[in-house]
Amino acid sequence: MKVIFALSLVSIALFSCSSNNNQPNKEQTNSTKEDKFVLNKTNYYELEGFINNSPVKMELISQDSLIHGSYVDVNDGISKQVNGKIYPNGELELNETDNLGDITAIFSGKFSSATRFSGLWGKINSKNKLAFELKLNSTKKLEFSIEHLTNKNCSTIQNIPEGDEMMPWDTMCTTLKIDLLKLKVQNELISKKINQTLEKEYCKFAVGEVRPQTIKEFIRSVDNIEQDYGFEQEVWGRIESFSHQTICISISSYYYGFGAAHPYSFGNFYNYNCNTGKLVRLEELLIPNFKNKLNSIAEKLFIEANGDELWWFEKGKFELNRDFAIMPTGLLFVFDAYEIGPYAAGAPEVFIPYSKIIHLIKDKSLLNKN
């Protein structure tokens, strides 16, 4: 058995659960030094402004030159995902994507100063472009690292009798790639607690009946894959949102079993209390007996965003899962493929603005402190 095992630790940049507002002082805005956009290795940007005349709020997280995040149209409360690249001179292109990951629109613009991002927004295949201008409300530093782990098992390549037609997977090695996210918060003990929990959650994405207890066991698990059960899998984590009180991490997986009709992608959100290192439960955020009221609000928003066809739930019986992300302006719930609809529906989601559920939020919950 030939196995290739590679391990590298790549330090990405800075993280702090406390806010660091880097907005220039109004008295200094004429200063070239203060007004110039500077690309740091990793930052969290909160912006607010307009696309044409529609008010929007946007959050972006940069990792080196790559950037991802989301924005919300304040009028309709719908959250949309964006991914792109930011350049040292401040130029930025963001691809807006749907539940299937297809690009639906593009932001093309530039940080014209340290505090303003402006340019044109337009839907794919449309000549109509709308001007946008967003003002940077705050910039927060992040600190985390990523371990890149890879393991291959080429013994799963099948021996095909001479003369038989070979299928593509007959020449493929079973491959597992893991990007293990590690956080560093101000308190070392809390950092250790979060990272230990994250590692356990990564291990739950392992394929097979045996559940690994550590990342080392997980990456080595492909060594014993039987010949007829080869696959390719990638597991990765990234920061989705954070504040001085909470941080939201997503862990996602891409899996393709050789010979399957199509690959399968799935993932989960993990919201941590930065002061305790514990995972945040929905019950901690909302008042008792919130479930039915929240489901009713979510159903209306879900249908408005995704239509009322294809879905595997009856009217009035929509139920949220517990896969939610604490975002700056609301709660984002995401369903995996096949959870409430066919594979072709992708990973449907529903965004619930805090303004829609003020009456359900506890007075002293983390949502009132973010």
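Tyr-343 lies in the loop that links strand 15 and strand 16. The model is predicted. Tyr-343 belongs, with Trp-312 and Tyr-338, to a nonpolar surface patch.

**Surface patch**
- Together, Trp-312, Tyr-338 and Tyr-343 present about 330 Å² of accessible area.
- Tyr-343 has a relative accessibility of 31% and therefore counts as partly exposed, since that class lies between the limits of 20% and 50%.

- Three strands make up an open sheet, arranged in the order 14-15-16 with antiparallel pairing.
- Strand 14 (324–326) and strand 16 (349–353) are the edge strands; each has a single partner strand, so one side of each lacks a neighbour in the sheet.
- From one strand to the next, the twist averages 20°.
- Strand 15 (residues 330–334) is joined to strand 16 by five bridges, and the two run antiparallel.
- Within this pair, Val-334 is placed opposite Glu-349 of strand 16.

**Helix 5 and Asn-306**
- Helix 5 (residues 291–306) lies across strand 15 and strand 16, and it runs at about 120° to strand 16.
- Asn-306 is part of helix 5.
- With a relative accessible area of 23%, Asn-306 is partly exposed.
- Apart from neighbours within four places in sequence, Asn-306 is in contact with Asn-99, Trp-311 and Glu-349; Glu-349 is also the residue of strand 16 that stands opposite Val-334.
- Asn-306 and Ala-345 are 39 residues apart along the chain, and their C-alpha atoms are separated by 9.5 Å.

**Hairpins of strands 5, 6 and 7**
- Strand 5 (residues 79–86) and strand 6 (residues 91–97) run antiparallel and are joined by six bridges.
- Four residues lie between the strands of this hairpin, where Gly-90 adopts a positive phi near 95°.
- Strand 6 also pairs with strand 7 (residues 103–111), in the antiparallel sense and over seven bridges.
- The hairpin of strand 6 and strand 7 has five residues between the strands, and Gly-101 in its turn has a positive phi of about 85°.
- Asn-95 of strand 6 stands opposite Asn-83 and also opposite Ile-106 of strand 7.

Methods:
Residues are numbered from 1 along each chain as its sequence is written. This is a predicted model: local features need pLDDT of at least 70, side-chain atom pairs count only at pLDDT 80 or more; totals for chains, interfaces and linings use all residues. Side-chain values use heavy atoms; hydrogens and water are left out. Two strands pair if DSSP finds at least two bridges between them. Axes are lines fitted to C-alpha atoms, for helices over the stretch in contact, and angles run from 0 to 180 degrees between N-to-C directions. Contact means heavy atoms within 4.5 Å. Patches are made of residues with over 30% relative accessible area and no salt bridge: like charges are joined within 9 Å, nonpolar side chains (Val, Leu, Ile, Met, Phe, Trp, Tyr) within 5 Å. Accessible areas come from the Shrake-Rupley method with a 1.4 Å probe; for residues, only the protein chains shown count as cover. A salt bridge is a side-chain nitrogen of Lys or Arg within 4 Å of a carboxyl oxygen of Asp or Glu. Buried means under 20% relative accessible area, exposed over 50%, partly exposed in between (1.4 Å probe, protein chains only).
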